[in-house]
Amino acid sequence: MKITRRNFIGTGSALAVGTTLATLSNRSIAKVKSVTKHQITKDRFDPWIELIPESMRYNVRILHGLAAKRPIMVVVKNNGYGLGQDNIAKILGNMPEVAGFAAVKTEACLSLHESAVSKPVLHMGMATDQDFYDLAANNIQLSIYGNKIRWVLDSISKKLGRSIAVHQYIDTGMSRMGIPYQKALPWMMDIAESEYIDVIGSFMGFTEDEEYDREQLRRFTELNNLANAKGINMGKLHAASSHAIYHFTDAALDMVRPGIAIYGAYPANPDTEKPLGELKVTYRLKARIVRVEQLRVGDTVSYGRNYTAEKPTWIATLPIGHSDGYPRNAVKGVKVFVGNKLYPVIGAVSASHSILEIGEEPTVKIGDVVTLVGPDHEEIHPNYISKVAGISVYDILMHLSSKLPKIII
Ligand SMILES: *Cc1c(COP(=O)(O)O)cnc(C)c1O
């Protein structure tokens, strides 16, 4: 078969019928690039994410109730836990319970700011002087620690002609970010001397070791008392992420900073957390079946041949794999939802494909929509999948490829 430009574009199988990449001259590659812009449609085979805005807003209200009605700073790091930070900002931005949005990386904060978010944005990472300038120039609140920062911010403030709003990042035992609490008082006194810096908050993160969390909070509040005694105001205090909202209600302070729970996953243990405040899963990870075949006795499935048919068995292929963020460990017993039934993932999750065991009857067909994660059945809940696969529930969300299209339903 002669590969023309037209049939190369039109048939996914063109490469399989004898063409090698070498036969694609640079010229034809350049032409392939010039195809008209592809439209994302709802009848696609390739995977997509459906967002359920009402469930996300529901979770915010639940968490607000658990956190003694404190304002919520919605954490949207890592592209909104895989669900798209701009979508989340749009869905939650107008809620009275929501005080703002927080992310870690500079570009994430800048793009959040551009996406018409009317609420404050907090940057929770380190940045170069230039990045701090760009963040401050866009009214993004900065997190600060370290000795150099006062002079950096003084000079940025002079350039902008206004003071810079910051949150002081205090390390009370996490040993990850922030100024160690035992060094914080003289440092805060130095910051307080600057007329260019406006301390609007101070925050810390818990280790989520329930006993040690109490010690961490004690260190934080004691620091605040010492600061107050010196006439220093630490601004709004905040510490609690999803885990502390559930397990350490004394830590609500002036504001809370949940991430994962807003998206509908329990931070540690659904058995103890669900009775305190039930969350709704806020998204569905979906794809359509691309192949249905029957295995003969003895046929095996995918890389490593982990699965062998012991009787004639129908299988189906999904065009989603670990490069999309679907866990490789799904083959350890994870199921997906098709129609009204659950089917196990078998063989291996490869980069772009996963395979399902359908059974003795071909009860699915090409084009059927499959929900891999979602609220529709207990066994496709993110926490259930994480338990069966033996991975963190954070990975179920955070590893979702940023390239997956999102549809707000
Ligand atoms: C990720 C993060 C949060 C939110 O954590 P969840 O466990 O997802 O609720 C809060 N604060 C900081 C500093 C974070 O990095």
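Reader: I'd like to read the largest pocket. Which residues lie nearest its centre?

Author: Start with the general idea: rolling a probe the size of a water molecule over the atoms shows where empty space is left. Now for this structure, which is a predicted model. The largest pocket has 23 lining residues, and Tyr266, Pro270, His381, Asn383 and Tyr384 are the ones nearest its centre. The space in this pocket comes to about 540 Å³.

Reader: Which helices each supply at least two residues of that lining?

Author: Look for helix H12 (270–273) and helix H13 (382–389). H13 gives the most, with four residues.

Reader: And how do the residues of the lining divide into nonpolar, polar and charged?

Author: For the largest pocket, you get ten nonpolar, seven polar and six charged residues.

Reader: OK, what about the second largest pocket: how much space lies in it?

Author: That one holds about 430 Å³. It is lined by 21 residues, and Lys77, Tyr81, Arg176, Ser241 and Arg257 sit closest to its centre. Its lining splits into 13 nonpolar, four polar and four charged residues.

Reader: Let's zoom out. How many helices and strands are in the protein chain?

Author: Count 14 helices and 19 strands. The C-alpha atoms fill a box of roughly 80 × 55 × 35 Å along the principal axes.

Reader: What share of the residues in the chain is buried?

Author: Here, "buried" means under 20% relative accessible area. Of the 409 residues in the protein chain, 50% are buried. As for the accessible surface of the chain, it's about 19800 Å², and carbon and sulfur atoms account for 50% of that.

Terms used: Residues are numbered from 1 along each chain as its sequence is written. This is a predicted model: local features need pLDDT of at least 70, side-chain atom pairs count only at pLDDT 80 or more; totals for chains, interfaces and linings use all residues. Side-chain values use heavy atoms; hydrogens and water are left out. On a 1 Å grid over the protein atoms alone, a cavity is a set of points where a 1.4 Å probe fits but cannot get out, and a pocket is an open set with protein on both sides within 12 Å along at least five of seven lines; lining residues have an atom within 4 Å of a point. Grid points are joined across faces, edges and corners, and a volume is the space filled by probe spheres set on the points. Ala, Val, Leu, Ile, Met, Phe, Trp, Tyr, Cys and Pro count as nonpolar, Asp, Glu, Lys and Arg as charged, and the others, Gly among them, as polar. Buried means under 20% relative accessible area, exposed over 50%, partly exposed in between (1.4 Å probe, protein chains only). Accessible areas come from the Shrake-Rupley method with a 1.4 Å probe; for residues, only the protein chains shown count as cover.
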